[in-house]
Amino acid sequence: MSAATASAPQPVKLSLPLVYQQKLFEELRNEDELVILARGLGLIRLATNLLHSYDAAGNNLIVIVGAEDRENAWIGEALAEHAAISMTPKARGLTVVNTDFTSVSQREKMYAAGGIFSITSRILVVDLLTNLIIPESITGMILLHADRCVATSLEAFILRIYRQKNKAGFLKAFSDNPDPFTIGFSPLATMMRNLFLRKASLWPRFHMHVAQALEGKKKAEVIELEVPMTDAMKEIQTAIMECVEVSIHELKKGNTGLEMDDWNLDSALLKNFDVMVRRQLDPNWHRVSWKTKQIVGDLTVLRGMLQSIVSLDAVSFLQQLDTIHAAHSPPPGSTRQTQSPWLFLDAAQTIFDTAKKRVYSSNQKAGPDSNIDSLRPVLEEQPKWALLAEVLGEIDRDLYFEPAVRDDSNGTILIMCSDTNTCRQLRDYLQTMHVRPRTEKRIEEFHDPEGDKPSGAFMMRRKLRNYLRWKGEFAHVSATLFSENQKALSGAVDPRLAQSKSRAPANKRRRVRGGGNAGAAPGRLENGSIGQFFEKPSEVAELMAEIQITEEEAKQKDDVIADPLEDMDDYYQMYEMQDLVVIHAYEGDQDEHVLEEVKPKYIIMYEPDASFIRRVEVYRSSHNDRNVRVYFLYYGGSVEEQRYLSTVRREKDAFTRLIKERASMSLVMTTDAQGVEDPQEAFLRTVNTRIAGGGRLAATAEPPRVVVDVREFRSSLPSLLHGRSMVVVPCMLTVGDYILSPEICVERKSISDLISSFKDGRLYSQAESMFQHYKSPMLLIEFDQNKSFTLEPFADLSGSMASVSAANAGANDLQSKIVLLTLAFPKLRIIWSSSPYETAEIFERLKTKSPEPDPIAAVRAGLDNDTLAEEQAFNTEPREMLAVVPGVTPKNISNLTLATESIKEVANMTTEELAPLVGKEAARKMHGFFNKDLIDES
Amino acid sequence: QALPSRSSGSSILVSPRQKGNPVLASLKSMPWEYSDILADYGLGLTTCALFLSLKYHRLHPEYIYTRIRNLQGKYNLRILLTMVDIPNHEDSLRELSKTSLVNNVTIILCWSAAEAARYLELYKSYEHANFAAIRGQQSTSYAEKLVEFATVPRSINKADAVALVSTFGSLRHAINADPEQVSVISGWGERKVKNWCKVVDEPFRVKK
C-alpha cells in the first residue's frame with residue numbers, strides 16, 4: 001500500500017493511492033463538509049482513513065452516526081489494520097455500541113475514556129439527552145448515509161443536540177447515494193441545513209479528477225458479452241410484463257383520485273418501482289381498498305419473478321412459481337373480487353405453462369398400441385452457463401499459451417454474481433459440468449470431443465429429482481394448509497382425468513387457451529383462477545425413472561447442502577491462490593476488500609453491477625503491477641440489462657442536478673455565533689401572543705418537561721418536542737408513551753399502529769393499564785405529515801343495515817373499532833393530529849398550567865414491585881411472533897417470556913413443560929402448532 | 001325510505017335543532033326520531049353526541065361551550081362529533097383537544113356527512129355490544145396463523161412462509177434449522193434468512 005503524507009498532527013500512513021482520494025482527504029481534514037461520492041469509488045475507505053488520522057492523534061471522542069453492522073465490522077477491521085501499519089501507539093480502534101447490550105454505567109465509563117465510537121442512533125440520542133455522553137466533550141462526528149438525514153429523522157435530532165451544545169467539534173457527512181438529494185424542492189439546501197453544514201463536495205464518476213485517475217494508462221480491460229435469452233425465457237418475461245401492465249392498469253382504475261402519470265411499464269422495470277408506488281399510495285394507505293393493497297403486493301411478487309427468471313435455473317424457477325401460486329391461490333368460497341387479478345390472465349397461464357415446459361414436457365411414446373403419453377425431462381439450461389464455461393475455457397487456454405507476465409496479481413479467477421443463491425448455483429454447475437449422465441448407451445461416442453462440451457445436465461437432473469420429491473411432499477403440505485382449496489381443486493383441476501374419456505388422447509395434454517368452454521377452461525378453478533397443477537402419480541414415476549441416477553452420476557459425491565464444518569481440522573488446508581476459481585456475491589463496499597484479498601487476474605461479472613465496475617477500475621488504477629481482465633455477461637433485451645442501464649443513467653442525472661443546484665444555492669449561515677437555528681424553526685416557532693409586551697414571564701419557571709418512552713425515539717415527535725424547547729426526558733416506560741403531567745398520559749398511535757393494535761388487542765390492554773395509573777389518559781391518533789388527514793375510505797359509505805348491525809361487531813373498518821374503544825373507555829380522550837408538528841403544538845397547549853411530570857413515578861407506573869425495570873424490556877419481534885401462537889394470550893405471555901429464553905426454546909418444549917407456564921389447554925395448543933407435521937399427516 | 005317498525009329505545013334520538021343537517025339524510029340503516037333532548041343526538045342511555053361543524057365553530061367559537069355546559073354533566077360518554085369541513089383546521093383542533101380534556105368530551109372527527117352518519121349508526125348499534133372485536137385475536141385456521149407467525153420478521157412474505165414449512169415439514173424443524181439449510185429454500189435471500197434466524201434465536205428480554 002502506498003503511503004501519502006498527510007497534514008495530520010502526527011504523520012500517519014494512509015492507503016489512498018489515487019489523486020482524487022488524496023484531494024478529497026485534504027479537503028475533509030481542513031473543513032466540515034458533506035461529501036457525495038458516486039457508488040463504488042471507495043467511500044468507506046475514505047472514511048476509515050480519515051478516522052485513522054484522528055485516531056492516531058489520540059485523546060479524542062469521535063462518534064460515527066448511521067453506520068450499518070457490516071460497515072461497523074469493516075471500519076473496525078480497517079482501523080486496526082491502519083494502526084498496525086503506521087504503528088501509532090495512541091490509536092485505540094473502534095468501539096461499537098449497539099442494541100442495549102452495554103449497560104448504562106459501562107457506557108458512561110467508555111465515553112469518558114474516549115476513542116472512536118459507532119453508536120446506534122436510538123442509543124446515542126438517549127445518551128445525549130441524559131448527558132451520559134457530554135456533547136461538549138465530543139471531538140467530532142462522522143455521519144454515514146447522510147442521504148437518510150431528513151429533517152425529522154433521528155440523525156438530524158442528534159446533530160441538533162450536538163450543534164446546540166458544541167460549536168467547535170467537527171462534522172463530516174458522507175453519502176454514496178445522490179438520488180434522495182434530488183427529490184423535492186431545493187433538496188440539497190434543505191439537507192445542508194439539516195446537517196448544519198455549509199459546503200457540499202460532489203464527486204461523480206465524471207468528475208475531472210476521478211476520470212483522470214481511473215482512465216489513465218492502467219485502465220482495466222473489459223469485455224462485454226451479450227447473451228441472448230432462450231425463447232421460453234423471453235416468452236415468460238413477456239407474459240410477466242403483461243401481468244405487470246394489467247396490474248398497473250387495475251391500480252389506476254381503482255384509485256382514480258391519485259397522481260400516477262408515471263406508473264407505466266417502463267418505470268415498472270426500475271429497481272424501486274414498488275417502493276415508488278407505495279410512496280405515492282402512502283398518503284392514502286389507510287384509505288385504499290383491500291384490493292389495491294393486494295395489487296401492490298402482487299407487483300412486488302411479479303417483479304421478483306422477473307428477477308428470478310434470469311437468476312434461477314429452470315427447475316428452481318418452477319418450484320418458486322409453485323410456491324407463489326399456492327400462497328396466492330384464493331381462499332375457499334371466495335369470489336373474484338378477493339383475488340390477485342393477474343392470476344386470471346392468459347398471460348399467467350403462459351407463465352406457468354412455459355415454466356413447466358422448460359423442465360419437462362410430454363410426448364407420445366413410440367409404439368402402435370400405446371396411447372399413453374409420458375413425461376420427458378427437457379431441462380433447459382440457462383444460456384449464461386454455457387458462455388461461462390466458454391469463458392473459463394478461454395482463460396484456460398490463455399494461461400496455457402501465453403503464460404502471463406509475472407505480476408503482483410494471483411492467477412485467480414473471480415466470478416461475481418448478485419446473491420449467495422446464484423453463487424451456489426454456479427458452484428454446482430462448475431463442479432458438475434463435465435459429468436455426463438449417459439442415459440443411452442453410446443459407448444462409441446465416449447471419446448467424442450463433442451461429448452465433453454460442458455453442460456449442466458447432471459445438475460439439472462439432480463435438481464429435477466429433488467423437485468419431484470419436493471412436489472410430492474408439497475402436494476401434502478398444501479393439502480393440509482389449504483385443504484378447502486383442495487376440495488375445489490379435485491373437482492376442477494385435474495380435468496385430464498375427467499376429460500380423457502371423451503377427448504382424443506393426442507389432445508389430452510394440450511391445454512386449451514382462449515378457446516374451450518368459457519368459464520371452465522382446463523386448469524382453471526370454477527371461479528376462473530388458475531388451479532394448482534399436480535401430475536398423475538404414474539406419470540411422475542415414469543419421469544422419475546427417466547432421470548434415474550446413472551452410473552456416472554452415482555460416482556459423484558452427494559450434494560452438500562449445509563456443510564457443518566465438523567471435521568475442519570482433517571480437511572482444512574490452504575489452497576494455492578494461483579489456480580482458484582472464487583465465486584462471490586456483490587456486497588457493496590465489502591467488494592473492495594474481496595478484490596484486495598483475492599487479487600484476481602480475471603474477473604467474470606455474471607450479472608451486471610455498475611458500482612462493481614467502478615471498484616474494479618479503482619482497484620486496477622491503484623495497483624501499477626496488477627493486470628485485470630473483466631468479462632461482463634448480461635442477457636440482451638432483458639429486464640436485467642435495462643435495469644443496469646437505468647441505474648447508471650439515474651445516478652448521472654442526479655449528480656447533474658445536484659451540481660446545478662449547488663451552483664445556484666444561497667446558503668444560510670447555520671453555525672453563527674447567535675446559536676443554532678433549528679431546521680424546522682420557521683415551522684415550529686410561533687410567537688406566543690399571550691405574553692404581552694414580549695416579557696419573558698416564564699423565565700423563572702421550570703422549562704416544560706415531557707417524559708418520553710425510549711422506544712418512541714423511532715418516531716420524529718421527540719425531536720420536534722425538543723425543537724419546541726421542551727425538555728425531553730427519555731425513560732423506559734411501561735404505561736403510555738408520553739407523560740405530559742402527573743395526570744396526563746398519552747399513548748401515541750400512527751394510523752398503521754392503530755390498525756394493528758386494534759387487531760391484536762394491544763390497544764385495549766394499554767388503555768386498561770393507563771386508566772390504572774393516570775387520571776386523564778389520552779389516545780393520540782397521529783397522521784403523517786404527508787398523508788391525507790382523513791379516515792374516510794375511498795369506498796362509498798352507503799352502509800347497509802348489515803354493516804352496522806350489532807351482530808356484526810367484528811366489523812373490520814377502523815371507524816367501528818374506534819367506536820367500540822370509546823364505548824369501552826368513555827373517559828378516554830382522543831387527540832386527532834394531522835402531523836407530528838401539530839402534535840408538538842397540541843402537547844404544549846395541553847401542558848400549560850399543569851405541573852411537570854415526575855420521571856421516576858412515570859417509570860414506576862405499571863411495574864410490579866418485585867420486578868426490576870430492566871426485566872420489563874422486551875425485544876418486540878420475537879414477542880410479536882409468540883403472541884400469534886395459538887394458546888398464547890396477552891395474560892400468559894409475560895409469564896412465558898420471563899420463564900423462557902427465545903422462540904426456539906418455546907418451540908422445543910413439550911406439553912408437560914409448557915403446562916405449568918400457560919395451563920394445560922394452551923400448552924396443548926402451542927405444542928400442536930409448532931409440531932404439526934405437514935408432510936406425514938393428511 | 002320505509003323505516004322498520006319502531007320500538008322505543010332502538011332508534012337514534014335527534015334533537016329538533018338538527019333539522020336540516022345533511023347528516024340526517026345519510027342516516028339510512030338505523031331508525032331515528034325527533035325527541036326533545038339536551039344533546040344533538042341521543043345514542044343510548046349513557047351516550048350522547050354533539051354535532052359541530054368546524055366552519056360554524058370558527059364563526060361562533062362560544063357556541064359549543066354553551067352546549068357542553070347545558071349537558072349539565074349528564075351522560076357517561078359524550079361525543080363531540082366534529083366535521084372537518086375547512087382546510088386550515090389546525091387551530092380549531094388544537095383548541096378542541098384542550099377542551100376535551102377540560103370538559104369531559106370525546107372528540108370524534110369525520111370528514112363527510114355520510115361518515116358522520118355512520119358514526120352515529122355505529123354508536124347506536126354497538127350500544128350493547130361486547131368488546132371482543134378489539135380485545136384481541138379470535139382463533140383462525142392453522143394456515144392463517146402460520147403465515148401470520150412466520151411473516152412477523154421483516155421482509156418475509158406469504159410465499160416464503162409457505163415455502164418454509166413445506167421444506168421443513170413442521171414449524172419446529174423450521175425454527176431449529178441452520179441458516180445454511182434455510183437459505184437453500186427458493187426465494188429465501190440472505191436478508192430473509194438472517195432476519196428469520198435472528199428473531200427465532202433472539203431472547204425475549206433485552207439483556208442489560
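Residues are numbered from 1 along each chain as its sequence is written, chains are lettered from A and ligands numbered from 1 in the order in which they are written, and side-chain values use heavy atoms, with hydrogens and water left out.

Let's begin with confidence. The pLDDT is the predictor's confidence in each residue, from 0 to 100. Chain A has a mean of 74, with 71% of its residues at 70 or more. Its lowest confidence falls in helix α19 (residues 495-499), with a mean of 36, and its highest in strand β17 (residues 738-739), at 92. Helices (H or I, at least four residues) and strands (E, at least two) are DSSP runs, numbered from the N terminus. Residues 557-568 of chain A stay under 50, and the model gives them eight contacts beyond four places in sequence; contact means heavy atoms within 4.5 Å. Residues 670-700 of chain A are also below 50, with 33 contacts in the model beyond near neighbours in sequence. Where pLDDT is low, the predicted coordinates should not be read in detail.

Now turn to strand β2 of chain A, residues 61-65. Five of its five residues are buried, that is, under 20% relative accessible area (1.4 Å probe, protein chains only). On one side A:Leu61, A:Val63 and A:Val65 are buried, and on the other so are A:Ile62 and A:Ile64. What does β2(A) run parallel to? One partner is β4(A) (residues 115-119), joined to β2(A) by five bridges, with A:Val63 opposite A:Phe117. Another parallel partner is β5(A) (residues 140-143), joined by four bridges; here A:Val65 stands opposite A:Leu143. Two strands pair if DSSP finds at least two bridges between them.

Finally, look at where chain A meets chain B. The contact involves 103 residues from chain A and 80 residues from chain B. About 9100 Å² is buried between them, 63% of it from carbon and sulfur atoms; this is the accessible area (1.4 Å probe) lost on putting the two parts together, summed over both. There are two salt bridges between the chains, each a side-chain nitrogen of Lys or Arg within 4 Å of a carboxyl oxygen of Asp or Glu. B:Arg94 and A:Glu841 meet in a salt bridge, at 2.9 Å from N to O. On the chain A side, helix α31 (residues 814-824) provides the largest share, 10 residues.

Terms used
Buried means under 20% relative accessible area, exposed over 50%, partly exposed in between (1.4 Å probe, protein chains only).
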